[in-house]
Amino acid sequence: MTSSWRRYYECARGYFVQNGNLNVGKSDVINGMPLGRWLGYQRERRAEDRLSDVQIRLLDDINMKWNVRESYWNMMYAAASAYFEKHSNTYIPRGTLVNGHDLSQWVNGYRARRANLSADKIKKLECIGVTFEKNDRYRRECWERGYGYACDYYRRNGHLYVLEKYKTQ
């Protein structure tokens, strides 16, 4: 293990201790070190079987995510599942953020890209109410839900002069 590797590892460990994760962007520079690029390089080296067992163990100890895409998918799926448990649907408002990522864009993106998903992921998404029919059905359901909110508001207030910042109950 080189002294350079050790310096980068200490930077990564410090980041982990401070933040509880290694969610570092590819181009992020931490304490003057391009840590995001270094972490990506460690993933490549492991895939090529070029990391020692000690290096792998050290990185595992600070919760290194070896498959970033899968980790991201699992994080967003867990958030979508929690939303479904609370609201009984996956019509997630825009701007609902999970670690800085828009959950509604994530769900709607997969609604449109079913062909790119494994059968396992399709089944998981269907279990939390994600539908893959054409957007016409989704838009109609959203419109009907919004219309229901408008009717409720009108019944309570006698008008539809709704402030932009108004939130439904």
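Predicted model: local features only at pLDDT ≥ 70, side-chain atom pairs only at ≥ 80, totals over all residues.

**The interior and the pockets**

Modeller: Tyr9 counts as buried, because its relative accessibility is 4%. Not counting residues up to four places away in sequence, Tyr9 touches Trp38, Leu58, Leu59 and Ile62. With Leu58 the separation along the chain is 49 residues, while the C-alpha atoms of Tyr9 and Leu58 are separated by 8.3 Å.

Two of those partners, Trp38 and Leu59, lead directly to the largest nonpolar core. That core has 19 residues, and the ones that touch the most other members are Leu35, Trp38, Leu39 and Leu59. H1 provides the largest share of the core, 6 residues. As general background, nonpolar side chains tend to be buried together in soluble globular proteins.

Leu39 shows how such a member is surrounded. Apart from neighbours within four places in sequence, Leu39 is in contact with Ala12, Leu22, Val24 and Met64. There is also a second, separate core of 18 residues, and Tyr77, Tyr110, Leu117 and Phe132 are included in this second core.

Gln55 lies in helix H3, and Gln55 counts as buried because its relative accessibility is 6%, where the limit is under 20%. Leaving out residues up to four places away in sequence, Gln55 touches Met1, Trp5, Arg45 and Arg50.

The cysteines can be considered next. Cys11 counts as buried because its relative accessibility is 7%. Cys127, by contrast, is exposed because its relative accessible area is 56%, against a limit of over 50%. A search of the whole structure gives 0 disulfides.

The open spaces remain to be described. The largest pocket holds about 660 Å³ of space. It is lined by 23 residues, of which Leu22, Asn23, Val24, Arg43 and Val68 are the closest to its centre. Leu22 and Val24 are also contacts of Leu39, so named above because contact means heavy atoms within 4.5 Å. Helix H2 (35–47) and helix H4 (68–87) each supply at least two residues of the lining of the largest pocket, and H2 gives the largest share, 7 residues. By residue class, the lining of the largest pocket consists of 9 nonpolar, 9 polar and 5 charged residues.

The second largest pocket has a volume of about 560 Å³. Its lining numbers 18 residues, and the closest to its centre are Tyr91, Ile92, Pro93, Arg94 and Arg145. Two or more residues of the lining of the second largest pocket come from each of H4, helix H5 (103–112) and helix H7 (135–157). H7 gives the most to the lining of the second largest pocket, with 5 residues. The lining of the second largest pocket divides into 7 nonpolar, 8 polar and 3 charged residues.

Technical notes: Residues numbered from 1 in each chain as written. Heavy atoms only, no water. Disulfide = S-S within 2.5 Å. Buried < 20%, exposed > 50% of the residue type's maximum accessible area, 1.4 Å probe, protein only. 1 Å grid on protein atoms, 1.4 Å probe; cavity = no way out; pocket = protein on both sides within 12 Å on 5 of 7 lines; lining within 4 Å. Points joined across faces, edges and corners; volume = space filled by probe spheres on them. Helix = DSSP H or I, 4+ residues; strand = E, 2+ residues; numbered from the N terminus. Nonpolar A, V, L, I, M, F, W, Y, C, P; charged D, E, K, R; others polar. Core = buried A, V, L, I, M, F, W, Y, C linked by side-chain atoms within 4.5 Å.
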